Amino acid sequence: MADTSAPSTADHFEKLQNQLREWTKSTEEGQLWQSVDIFDQDDYDILVIPSFSVDQQVGSKVSGFLHYEERLLFSLIRLRNPLTRVIYITALPLCPIVIDYYLQLLPGIPFSHARDRLLLISTYDGSLKPLTQKILERPRLVEKIRRALRPNKSYMVCYNSTDLEQQLSLKLGIPMLAASPEVLYWGSKSGSREIFAEANIPHPDGSYTVTNIFDLVQELFNLWQRQPHLKRIVVKLNEGFSGEGNAILDLRAIQDCIPKHCDKPSAMAARREKTIDALNEQLAKMSFQGAGETWESFSARIPELGAIVEAFVEGELKRSPSVQGYIRPSGEVEIVSTHDQILGGADGQVYEGCYFPADVEYRCHLQELGLQVGEALAAKGAIERYSVDFIAVQDPETKKWDIQAIEINLRKGGTTHPFMTLRLLTNGTFDYDTGKFLSQQNQEKYYIATDNLQKPQYRGLLPNDLMDIIAQERLHFDSSSRTGTVFHLMGALSEFGKLGLTSIGNSLEEAQEIYDRVEAVLDRETQSAKQGDLQDASLPINWSSNQ
């Protein structure tokens with residue numbers, strides 16, 4: 001007979017998560033939780049698990065996907081607190097000079113002191129399995145991590161939380177500062193649409209989850225019948241990453257098959273059959289956003305992941321803003337940033353970077369909508385970060401912006417690390433009333449950030465080479481003016497020619513100038529290398545670092 005007195009996995013996890021709420025109560029008087037940088041002024045161990053626990057076939061479409069674990073390296077800036085300790089785990093070892101780079105950004109903390117409070121661990125496993133799975137498959141590694149953490153003084157942060165992260169939290173006996181896997185549905189494409197409907201947030205017409213091609217085509221037909229003016233429809237896998245799981249179905253090529261309401265049932269049936277056949281044929285001709293994606297590979301994922309259909313929002317002047325919020329363990333919601341996202345790909349569906357803050361014309365409206373979504377998520381039990389992506393289209397006559405929500409991300413995303421980098425380096429604050437960010441000196445701060453500065457000629461550049469260029473050209477972040485560039489994804493540079501950066505200025509124009517200069521310098525330096533002119537570059541040899 002089963003022992004019903006033993007606590008279930010859910011009960012055990014909830015008990016651990018309650019520690020976060022207790023810490024909230026115990027620190028309220030000290031104002032520590034008035035900021036999203038929780039525990040920033042106290043003595044805690046932070047376990048950073050930058051695992052992209054997403055569908056790995058979707059993730060494999062992203063160039064340098066494994067190196068995206070480096071996007072959470074901004075967490076090392078938390079070592080500016082002399083009592084904080086950080087354990088950072090990656091699939092493959094990080095280049096030592098990359099770690100040195102981040103630690104040297106710390107204001108007022110000796111390098112050696114910060115380094116002594118940092119433990120770097122690698123699984124030495126370069127497969128596409130989620131990092132958390134790799135950790136769980138190594139019991140001795142799990143035990144090593146457990147011994148390194150102080151009981152009741154440790155918590156775990158991650159890129160996104162799934163059953164894998166929950167298992168690791170339970171094995172280590174520490175709470176996870178992230179949404180429970182039980183609420184992750186609300187961050188899926190279908191779950192997002194349900195939240196938008198519940199919170200009365202404007203969003204494009206579409207469907208909820210379908211898990212087979214027959215139902216997919218039926219939803220396409222129904223949507224087109226409801227909106228016969230549509231030119232395109234987006235088909236989205238329920239789980240995607242940076243838009244790589246999206247495909248665009250072009251209706252303009254089959255306009256003569258547009259579904260219409262006819263008086264005679266026989267005519268309606270014939271037209272429906274004709275439209276269904278045309279839609280089925282058009283599926284194979286969709287524009288897939290993932291590199292190398294085909295209808296055969298895309299459709300094979302639908303039974304497992306599910307998919308939705310959604311009206312493609314057209315417009316001459318169209319932008320993709322986003323809002324980022326934070327739900328404290330106690331349930332309070334606050335808005336932490338707005339961005340105008342930079343999208344690429346064949347149909348502008350793939351995330352490439354962002355500007356901070358979003359346009360003044362609509363940033364306050366975004367914040368209001370973001371709060372509504374955050375409150376709906378909090379009611380479902382979600383905590384920590386969330387972001388909401390929108391489509392904004394300007395009316396050519398009135399110049400007003402129509403804002404429609406597209407999806408929710410219950411995880412850290414492409415806009416998380418640049419904002420947290422700005423916040424941790426400047427120790428400034430986000431002003432909700434204006435949507436601006438102010439440094440401690442009351443100076444407005446702006447940035448442009450990207451994960452996708454990628455060019456073929458950048459391949460072969462080692463992190464050490466990048467550091468040489470940064471030093472020679474003074475491209476680094478200046479702690480006195482609090483302007484300049486912070487680099488990330490340096491591990492993807494040599495193999496993929498791909499680099500991430502956040503260029504911070506005192507105006508958006510200055511941030512753009514800083515970014516443009518970095519790109520121009522890298523173009524010049526790599527062109528020189530291609531032409532064999534390195535003997536004239538006088539690059540210093542770094543005798544103290546392994547190449």
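Is Asn200 buried or exposed, and at what relative accessibility? At 66% relative accessibility, Asn200 counts as exposed; buried means under 20% relative accessible area, exposed over 50%, and partly exposed in between (1.4 Å probe, protein chains only).

The views below show a predicted model, in which local features need pLDDT of at least 70, side-chain atom pairs count only at pLDDT 80 or more, and totals for chains, interfaces and linings use all residues. Residues are numbered from 1 along each chain as its sequence is written, and side-chain values use heavy atoms, with hydrogens and water left out.

**View 1. The whole chain and its confidence.**
The chain has 547 residues, of which 56% count as buried. Its secondary structure comes to 16 helices and 18 strands; helices (H or I, at least four residues) and strands (E, at least two) are DSSP runs, numbered from the N terminus. The average pLDDT of the chain is 86, and 87% of the residues score at least 70; pLDDT is the predictor's confidence in each residue, from 0 to 100. Confidence is lowest in helix H2 (residues 56-59), with a mean of 62, and highest in helix H6 (residues 139-148), at 97. Among contacts between residues at least 6 apart in sequence, 69% join residues at least 24 apart; contact means heavy atoms within 4.5 Å.

**View 2. Two stretches with pLDDT under 50.**
Over residues 28-39 pLDDT stays under 50, and the model has 37 contacts beyond four places in sequence for this stretch. Over residues 535-547 pLDDT also stays under 50, and here the model has 13 contacts beyond four places in sequence.

Leu141, Val142 and Ile145 of H6 are buried. These residues cover an arc of only 100° around the axis, which puts them on the same side of H6; the arc is that of the directions from the helix axis to the C-beta atoms. Pro139, Arg140 and Arg147 are exposed on the other side of H6. The cover over the buried residues of H6 includes strand S1 (45-49), strand S2 (85-90), strand S3 (118-122), helix H5 (131-136) and helix H7 (163-172).

**View 3. Helix H6 against helix H7.**
The axes of H6 and H7 are 9 Å apart, and the two helices pack at an angle of about 60°. Axes are lines fitted to C-alpha atoms, for helices over the stretch in contact, and angles run from 0 to 180 degrees between N-to-C directions. H6 and H7 are therefore oblique to each other; angles under 35 degrees count as roughly parallel, over 145 as roughly antiparallel, 65 to 115 as roughly perpendicular and the rest as oblique. H6 passes H7 in a right-handed crossing; a crossing is left-handed if the near helix is turned anticlockwise from the far one by less than a right angle, and right-handed if clockwise. Val142, Ile145 and Arg146 in H6 meet Leu168, Lys171 and Leu172 in H7.

**View 4. Helix H7 and the residue after it.**
H7 is largely enclosed by the rest of the structure, because 7 of its 10 residues are buried. The buried residues of H7 are Leu164, Glu165, Gln166, Leu168, Ser169, Leu170 and Leu172. Gly173 follows H7 and has a positive phi, near 70°.

**View 5. Helix H3 against helix H14.**
Helix H3 (residues 96-103) and helix H14 (residues 463-473) have axes that come within 9 Å and cross at roughly 35°. H3 passes H14 in a left-handed crossing. Ile97, Val98 and Tyr101 of H3 make the contact with Pro463, Asn464 and Met467 of H14.

**View 6. Loops with backbone exceptions.**
Most residues other than glycine have a negative phi, and most peptide bonds are trans. Asn200 has a positive phi, near 60°, and is placed in the loop between helix H8 (189-198) and helix H9 (213-226). Asn442 also has a positive phi, of about 65°. Asn442 lies in the loop between strand S15 (436-438) and strand S16 (444-454) and is exposed, with a relative accessible area of 58%. Phe356 and Pro357 are joined by a cis peptide bond with omega about -5°. Pro357 is in the loop between strand S11 (350-356) and helix H12 (363-380).

**View 7. Glu273 in helix H10.**
Glu273 is placed in helix H10 (residues 265-283) and is exposed, with a relative accessible area of 52%. The C-alpha atoms of Glu273 and Pro259 are separated by 9.7 Å, the two residues being 14 residues apart along the chain.
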